Every structure is written in structure tokens, then in C-alpha cells.
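Biologist: I'm new to this one. Could you show it to me and walk me through some of its rings and a helix?

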Amino acid sequence: MSLTLTAMSGRAVTGDQQQWSRSGEMQHSRGPYISVITNRTTNLLIRGAMLFSVGVFLALVLNLLQVQRNITLFPPDVITSIFSSAWWVPLCCGTAAAMIGLLYPCIDSRLGEPHKFKREWSSVMRCVAVFVGINHASAKVDFANNVQLSLTLAALSIGLWWTFDRSRSGFGLGICIAFLGTLVTQLLVYNGVFQYTSPDFLYIRSWLPCIFFAGVITMGNIGRQLALYEYKFIQDKSHQD
Amino acid sequence: MTLREQLREKISAAFYRHGLLCASYPVPIILFTSASILTCCYPLLRLPLPGTGPVEFTTGLRDYSVPFHEPQGDFGERPDWYRGPPVAYIQQVLVKAAVSPWDNSLVPVDVFRSPLGRVFNLLEEIRNHVHSDSSGIRSLESLCLQVTDLFPGLRRMQSVLPEHGCLLVSPGNYWQNQRELFDSDPDPFKTIQKHEPKGLHTSATLRDLLFGVPVKYSGVSHYNRKRVVTYTITVVLSSYDARFLGSLRARLKQLHPSANCTLRDDHMVHVHFKEEIGIAELIPLVTTYIILFAYIYFSTRKIDMVKSKWGLALAAVVTVLSSLLMSVGLCTLFGLTPTLNGGEIFPYLVVVIGLENVLVLTKSVVSTPVDLEVKLRIAQGLSNESWSIMKNMATELCIILIGYFTLVPAIQEFCLFAVVGLVSDFFLQMFFFTTVLSIDIRRMELADLNRRLPAEAGMPPPKPGPLRTREVPPPPRPSPHTITLQTPAFRNLRLPKRLRVVYFLARTRLAQRIIMAGTVIWIGILVYTDPAGIRTYLAAQVSEQSPLGDTGGGGLPPHLGVAPVFRGGDPTSTLSIHRAPDPTPLPENQSQGHHGPPRAGPIPQSPPAVPQITWGEEDEEGWRRLSFRHWPSLFSYYNITLAKRYISILPVIPITVHLTPQEAIDARHPQDTRHPQPPIPKISADLQTDLTLYKVAALGLAAGVLLVLLLFCLYRVLCPRNYGQNGVPHGRRRRGDLPCDDYGYSPPVSEISPLLLRGHSMDIECLASDGMLLASCCLAGQIRVWDAQTGDCLTVIPNHGMTGAQESELRRRTTPSRPTLFIDQPDLTPLIDTNFTSQPPSHLSTPPSPSAYASPSSASSSPSVWAMELRGNLIAAGRSSGKLELWDAVEGSLRCSNEDGVSGITALAFLNNRIVAARLNGSLDFFTVEINKPLGLLQYRGPPGRSSMPQSPCYSSEDVISCQLTRSVQCAHQKPITVLRAAAGRVVTGSQDHTVRVYRLEDSCCLFTLQGHSGGITAIYIDQTMVLASGGQDGAICLWDVLTGSRVSHVYGHCGDVTSLVCTTSCVISSGLDDLICIWDRSTGIKLYSIQQEVGCGASLGVISESLLVTGGQGCVSFWDLNFGDLLQTVYLGQSSDGQGVRQLLVLDNAAIVCDFGSELSLVYVPSVLEKLD
């Protein structure tokens, strides 16, 4: 069970502190940084690294949400409970997060319709908070049955998209990746890599696609916000030239 | 018009009206909002505070029955957790044991060895106790809580904690409950210590668990002064059997009666434990909170364009938080007790409620036109955003409604909270935040006001027209003009907050008083709680010194007298399994002392040697002294959680054990006596007490010193200006380097743009003003008259004798003709020369007046003007040739001239109708200006076309003005007169001969010669109130009494010349060549503080009001707050700020400042702060 949620959901934030500080550096110190940061490949790498770390962090944290409530006064080992999932889960989440976060701005520019809805960090943070809340609800709230749980989470995910994204490309990509992710998880479980305690949708839990979808939207949001910085810098640079 | 539009309009109108209301009555609305917040939060008081502390509930023991699982009707105060059977019943047997009487032959180990040894007997007794009655035979084995394995991580405790059996803990567990092990243990104390964790331990330790009392009460140590050992045997029962426990209690009491024990045994305490949050649970929680704070940070960062960013951010957070509290309070009020974990859902609630509306409101209000009235701005801003706010609100309500229909209890509850939270948030936004915003915007407006009205501020009512004619007489103003701002308001705006805090602290001496009060309280607490055992120490001291006879006689504690009764009728001695120890050996001794033949008589050492076992209130519920984690940790060893469950604690069974010295000696281990004993244990115990005392004292002292140091550092950091010494230089701030406070928020800057009066071709030499007009004279001898309010140039009086051609000719010459004027006195021409060579060719723009150069005396060039005064519309100009001229300021015509003197006029004073001229040779001439009105007799050529001037009371163009020398004091001073000031009917001169002379203006009579300076006089100040201050080249400043001619005070403050002196009613301000401005108290002559300026700053000073000082500097003028010495503002006069210093500075009556700035004049209107009234 503990492997379940976070299998794909690791694409949100909180490693953002790093991001902010780094982006702060980008903004203020126009020293030798400027050439490095405006370099397209370097920028891409930095963004990818940030997104990856965010994904890994969220995978670990959200995994903890799944841990049953053990009241232990002498917690045996905090470290082991943090890394209770297999080593590949955070890595997969991080990679997926980086890919999605880079893919969203890329698709935006390809489609030629830049995303303009609520482009600010506070909105991104709100989005991340809601995503963590959705995970929280799926882990902690006792639902009467699985259908209800899945429906609620689906509604919440759609609400997340409507509140923070509202772009057709975001919706489409979210659906696609959620579908792909579900497929991959099914295959993994089918091959016995891991399993769910109480599967109700073939081999997995039925709410997994919703979580995937919400995660994709969140990571896309972060990725777009990060890309905004690059955009600004290129603009600045052209000004300077 | 669609319905939607109608609705929109209505909403917008409603918001507009609401905005007007909020901005009009800010204070009542904020009060009302605070009251409603408090009212709504009131029900929260009934909620239990969050935390993991256990909750207690006490029931009677007699009619106890296991509570039902389902709540049965109404049980009044019965808490809702009191359902079902408890996890366990705890029965503690509290043992107090002592060896008595204490013998000198005993060693300290005996204090606890044999008392601890008794635990094995008791354990055996408890384990073997069997109660049999009609319902069967019950033993402890059937009732106790059977435990299995220890928790896997606790292997090291395996040897001491019971496994696979009854949970029964006692100090005997240290020795596996085997007497033999204990007896063969050479050092029991070491065994106990061995299991203690190293380092800090706060919660229950193993020693606490086994002893059942806190360490310091157990008495197991080498330095036990009371020689009483206390421990408990804790029996954990799974079911409650009143009869078994009753018989156990009776049996134990029989064996070991506690004579004076009056502990109550009819109450049972149920302790409910809250859920403990593990670290694993905490991490996601912390993550959500981090995200929440990031959200709040990013949101409030967007608040911009307001007066106080932080204030508004705080208001926004307060809005959200109090709306949450209100929602919880309201839900509680209507019976919806929150079952959700508040800490977990809180971040999500904040995210749902959001800070967006607040930001939208701020932005909208800020973007309204600035020149509107505040309440209109608020109203407009509100109504602009009304539609989107309502739309968002409706959307959120809809989403929450959908969430409510998921029919999941947790989500429903969340939704309910969210709905109430949203509504209360809306309420607070509309009332609280809007009002705060209006206050903020109003403060902002003031700064705006200053920025937008640079010239008009502080001006008297509008002037009649651009052309000011001479019918406007100079209104003599008796008192110096004070600008309309009150000082406090000014200070509030300008002073950084941290400084205000420091001033507040300094004024009230708050820190000092708090420290004093804190120390007193601390000492009080120290004495009261007695951490170092001072009281017991003192008591022991007193009892040791008391007379010996008291102790042997009847002053016995009551139990000693009662005990023999028990002894006589002790039925249990025969039942005792082991050799019955005499339960009360002490009473025996006493009784021997009383009745029988005394064994040894009253032994002198015996009184302190009798350990007294007393039972007090605190023993009744001794478990309370334990950590509240005591029971959870005991159970957690066996993987039993007490979270959300409760245990029942039964009344303790008190047991008193007295041991004879012989028993103690028998129980000794052979090594006990060989142990290196602390030579005199009593002293070491004392020493220990003393050491504790010293430690506490040292810690307190260190803390005090640290606090003082911290406060000192804070003071030094926060209060950078130091009074009374030239400390940190107040650097002049460059442009763009505006003063900022710690928050990076600069105080409101009113961009004063100085009005530059251009026209002179050379540096300005003299400057005179009477408040309405302004006359200036440049080195070229040209006099210009300006309107002091508009800055218009009214008249140009060129240097007569210089035509335009001559002037251009002059410009071509590299060396101008130097008239041989200075025969008897130092040559001042080099000054003029240098300026001539650098003369800018800008003079062609002003056409020379055709009527000007008619003076018969000077053909090619005329002597330059050295002094000038302006009264009414007459300009008195003193020339270097000694000629005094009177010009009409408006018409630019020469009205009169006097050439009685030959030495150059260095200074002029023009008061009433008298002119005083000081000459270079030290003589002083008094002139009288007489105005005759014989019409039509024009002695001097007036402007022909301007005869139709209206009549005016004084100095009309038709008047004949004559200027006559009334008296000439030939040798007023030995050396040149440097300063001349006139006020209040006195003329004061200062000279290089180190003296100051005071003359009466009417009769030119010298009243006093004031001596006191050891250098030439460089500055004099006299005003209407007859205050006379003088400063000299020696850096001294003297204050004189003009009426008596006596020196009031004499202070030294400058390293060089005093260049300028000004007085206010309370202080004297001086500036010197050392670029220091000193502020002195006028009555005491004490230097209040000094301001170090940059090198090369001008020496000119001016006082605008009681608290506003203006100084001239390099291309700028600076405004200072006189009360605190803070630089308020620096106004830069021109683009090229460097090079040209302000040498002369005049404060006009309308709170404007005129200063020279190279060849230009600069008119600066003082920023006045006017409270904007709605």
C-alpha cells in the first residue's frame, strides 16, 4: 500500500525552497551567472534537477502519509520509515516529475498558446497544497466504499485543474500521462514487482489515475513557473544586448 | 439590461456604499470587528487545549463498576472517553523504610541496603497472597495483566523488566527479584545507576519506572540526609476485584502498619491519554505547513504600493486566521464539535479560504486615481472588484457544496467548517481588512501630498497676482513663523519604528524596570520553590542548634506516642512468614526511654539520628509526581498503546518499615564497610547543597550578565546616534540612497524640487529678504529683486556704470580694472578676481535696464556691493567705496545715497528707519532714513513712464527719501567689524578685536562692551527676546544677558571658528569650521548632541520652527529634526551637486528657504505635513 500512491505522484513541490533561493540568485546577482543561466542547455538542466528533487521529496513525504498510524513512543527508526519504500520509487517519481515539468512549457510553446492563467508562485504553492491535500484525503479519510473515494478524488482533481490550470493542453496531457501511468503500474503489479493490499481495479486501486492526474497538473504548474524565469532572462538578455 | 448586469450593478453599488462606510468610520468598525471576532471565538474556551497531556477523572472506589461501552443516559460531568474497561488498573504499594534509630556505627550504604532488601519479602507476600471466599479462590496470578515479550527494540531491558507473566515492577527487578543476587551485590547503588541512560533524559527512566517515585524522592543515595527510603511496588491488574484488593491491603497493613498514615483510599483516578504524534506522522504535517507558509509568503509579497507592506501582510494573515477561529467557534456554538485533527486540516482550510481576495482588494484600491479622496478611493476600489469577489465566493461555495454531497463524514465536516470559514472570512475582509487598508491609504496619501505639492505647501493664501506692486507693505511679524505641522505628527511620520521603540524604552525606562521586577520575582520563586533545599538546610541548622533537652522530652511527634498501642496488639506478628521484624522499633526505644530502665539514657546524638517517616498529602497520589509519560512508556515496552485509552489508578497502599540497626548490619555485604566512604557524609551533603546553591547563583548571575550584555548590544545596534560626542558621522545621503528602515521600506519622501532663480552672472555675494521680497547681489554688482513666493524676478538693478558693452568688454579682459579702494585695510579683491575669471557668459539674456546707470560718480566701473539689506521696498546697499545707497526694490531706481564715509561698508543693519553700517576701519555709522512727502519734487530721476503708481503708506515713488548720518562712532572697534546684528532696539557688533559691543539703536549709545572671547568674533545671534549669543574664532560660544551685559554661559564646542549661530527658544545651534553642528541647551549651556557633517559642508544654518533645522551643504540643503538630531531630508539644489556649497541661507517667513547656489538662488519650500482631513 505504501508504494501505491507515490508510485507516480511525486511531482510537486517543497523542495521549492531550493528553487526559490536559486531563482533569487538568478534574479539578483547578474554576475558570471548570467551567461550560465541564460544558456539554454544549462537552464534546462537546472530546471530538470529542481523538478527531479521536488519529485523525489514529494514521493518520500507522500509515502509517509500512507504509513499506518503506529503510536510508538520510541520510534524505532525515523530514517527507515522515511525510506520505507523501495529505492526505485522516488527515483521514478523524480524522473517522471522532471519530464512532465519540462514537457509542459515545451508543449505550450509548440502550440503557440502560452499559459497565462495565474502565473505566480503563490498560485503554484496553493496548487501544491491542494495536491498534498488530495493525497492526504486518500490516505486518511475513511470512505464508505472505493467507488465513492475514487469519485471524490476525481472531482477534486478536476477541480484542481479548473482552479489552477484551465488549459486544454494541460488537461489532455494530464489525461494521457495518467492513463500511461496507470498502465505502467498495472504491468508492474502484474509482473509482481509490488502489489496492493486491496486492489479494486484490476490489480491496482481505482483512485490511482486521479492522483496521477493531479500530480501531472501540479508538476506542470511548477514547470511552467520555472520556465517563466528562463523566459524573463532571455528577455532581459536581449534588452541588454 | 440583462439580469446579470443588473445584479452586477447592484453588487457594485452596495460595495461602493460599504467602502464609503468603512473608510469614513475606521475606528468604530475595527472595534466592532474585534468584538465580533472575540465573541465568535468565545466558545473555543470550552474546547480542550491541544496537546498530549493526560486527562483525569476521579470516581469513588466504593461503588465502582466498569463503565459501559455505550453512553448510558446523562452522567453529568462524566467525560466521553470514560467508556468501557480501562487498559489496566494500577495498584501501587508505597513503601517507606528507614533504619532506626540511626547508629553512628552504621555506614551510609546501610541507609538503603536493608530497606531495599525488604522489597523481596513484600514481593513474596504480594505474589503469594490468596483471597478465598464464597466465589472462589483468587490470587494475583489470575488478576494481573499478563505480558508477553518486550518490544523488540528493548533487548537491553530484558534483564530488568518482567516478561511472560504478571506485570509487576519494583526495585527488586534490578536483581531479577532474587534475594540472593541482591545480597551478593557488592554495590546496589551502582547496579541501579548502571541502567540509567547517559546524558539528558527527560521522560520516564528505568529508575523511575521501577521505583515508582521520582529519583529525588526515592532517597537511594549515599547522601540521604533524611535516611528514609521510598519506593513502590507497582502491580498492574487487568481486572478489578475489590475483595482481593481489599484483603491484600488489609494484609499488608497488618504486616507493616503505617501508624500516622491518614491517606485517603476511597478514590480511583482514571487517566486518559491522548494520541501521541510520531515523527513519521509529523513529517507530512510539517511539509504541509511549509507549503502553507510558502503560499502565505508568496501571496503577501505581492502587496505593493502601500504605506506599510508588513502591516497589511499582517492584517491579511490576521484576517484569515481569525476567520478560521471564528468558524471553529461558531461550529462549536451550534453543537458541531470538531472531531477532525485540527492541526492537519488547518493548512488546507487556509488554502481553501485563501488570501486572494485580500490581494485583489489591495491592488484594486491602490490602482484608483491618487488624487481622489481616501474614502472615494476605497469605495471605487471595492466596487471595481465586487463582481469578481462575489463570483469567486459563489464558485467556492458551490465546490464546497459539491464536497458536502460526497456524504463522507470527514469531508462533510471539512466542508461545513470551510463554509463557515468562507463566510466569516468574507465578513472580515469586508470590514476588517478594508478598514485597515483605508487607514493605510490615508497615511500613504500624506506622502503623496508632499510629493505632488512641492511649492504650494505651507504657503499663505494665494497671492493677488504675478506683479507685486509696492502697495503691499512688509507686515512686521512679531514672532518667527512656525509652520503648521505639529512636531509629533512629523516625528511619527519620519522616525523609523525601531527608533521610536527605543525612545519609548528610554523614556519609560521600561527595560530597567522589567529587569528589576523580573529579578524580584525570580528571587521570590527561588525562595518559594526552594530548588536548592535552602529551607530544609536552614531548618536542619536550626534544629541542630536547638537545646538538646527538647528532643528527648515530650516534644515528640504524635505517632511516637501512639505506636506502642499497635505494638501491644499486633496480631500479625505471628502470621508473618519470615522472622517477624519488629515493626516499630523506634517506639520501643522511646518507650524504654520513658517507662522502663533506660538502656543508655537520652543519647545526645540521637535526635538527628531518628529518621522520621511521615505520610503526607503528597504521598496520596504519588504517581502525580512522575512524568506523564510514565505509564505510556511502561506499557509501550510491551507494545501496548495507551493512546486514546485510559488506565485506572487505585489508591496506594502505604507501608512503613522500620529496621533496627542490627538488621541493617546483618544485611551488609562484606564489601560495604570496605568501600571508601566519604569521610564525613553529612558535610559532603551540606557541601552538595551548597554546591547546588552556588550553581544556581552562578547560573543566575551569568544569565543576568548575558541579559545585560544583550540589551546593551541591542541598544548599540538600535540606537546608532550617541548623544554628546562626535560619534558616528551622519553621512549625507546621496541621491537614490534614500534612508531605509530595516524592512527596506523608505520613509515617505516628499520630492522637494527647489525653485532655481537664475539670472545672476556671477556668484552671489549678498542676500537679503524681508519675507516678501528677496534681493540678491552678485559679484558683478548686479542687484536683482525677486518675489519670494513665486520666484519671479521683479527688478534688475545692474551695476551702474557698466553698460552692456562695458560688461562684454569687461568679460574680454582677463584682468579687470582694480580700483584702488583698499588703502587702509586688507585687500579683498583676490576673491573677486578669481570669480571674475570664471565668469560664465550667461548675462546676455538679461537686457540691461536703460534707466539704471545714472550715477555721476562712477564712470567706468562702480565699487562692488559688500552688504545689502532689504526693508519694505527699500534696498540698502553698502559698497566697498563706503557709499550707502538706497534703491527702490520694485522700480529699480536709486532713491538716495550717502557718501559720508570712505571706508568700505562691511555690514549693514536696517531696522525701522535706521540703518547701521559697519565699516572696514572699525567705525560704525548710524543713518536715519527720512521720508518726506512733498509731491512733485523729485530729486532723483525716477522712471518716467511709471508715474501712475497708487499711493502707499510708505515709500511710494513720489516720496523724497533722504538718508542722513546721525552719528558716527569712529573707533567702535580696534579692528574690522565682522558681524553686525540688530534686533529689539539694539545693535550688536562683533569684531576681530575679540569684543562684542552692544549699542542702543535710538541714540547710538554704546551700552556694553562684552569681553570674553579669546579670538575674533565670527558669529552673533540676537533676536526679539534679547537673547545674545556670540561665537568666536576660538571655538567658544558665549551667551550674554543684553540687559545687564553679563555673561550667562561660555562653552567650547568647536575646534575652529564658529561660523554660524542660531537660537531657538530652548536651544542654541552652532556650526563651526570643523563641520560639526552642535546643539546646546540654552538655559544650562550643556551640549545636547552634535552632528558631524561631511567635510566641506557649508556653515550656514537656519531654524524653520522649534524643531526643524536647515543646514546648507555641498549643493544641497538638509533638514534635521532638532529634537532627535535625525536627518529628515536632503534636498539637492541642482544637477551638479558637487563643487558649489551653500554659503548663505535665509529662512523666509513663509517657511521657505533661500540659499545661494553659485550664481543661482534656490528657493526651497519646506515640506510641511498637513493632516489630510476628510
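**Rings, charges and a helix**

Modeller: Let's start with a charge over a ring: Arg166(A) lies over the face of Trp162(A), 4.2 Å from the ring centre. That label needs NZ of Lys or CZ of Arg within 6 Å of the ring centre and within 35 degrees of the ring normal. By the way, this is a predicted model, where local features need pLDDT of at least 70, side-chain atom pairs need 80 or more, and totals for chains, interfaces and linings use all residues. Residues are numbered from 1 along each chain, chains are lettered from A and ligands numbered from 1 as written, and side-chain values use heavy atoms, without hydrogens and water.

Biologist: Which ring has the charged end of Arg113(B) over it?

Modeller: Here the distance to the ring centre is 5.5 Å. The ring under Arg113(B) belongs to Phe182(B).

Biologist: How many aromatic pairs does a search of the whole structure find?

Modeller: Rings of Phe, Tyr and Trp (its six-membered ring) pair if their centres lie within 6.5 Å; planes under 30 degrees apart are stacked, over 60 edge-to-face, the rest tilted. Over all chains, the search gives 20.

Biologist: What is the angle between the planes of Phe171(A) and Phe213(A)?

Modeller: Their centres are 5.5 Å apart. The pair is edge-to-face, at 75°.

Biologist: Is Phe213(A) buried or exposed?

Modeller: Buried means under 20% relative accessible area, exposed over 50%, partly exposed in between (1.4 Å probe, protein chains only). Phe213(A) has 5%, so it counts as buried.

Biologist: How many of the 20 residues of H7(A) are buried?

Modeller: This helix is mostly covered. The count is 17.

Notes. Helix = DSSP H or I, 4+ residues; strand = E, 2+ residues; numbered from the N terminus.
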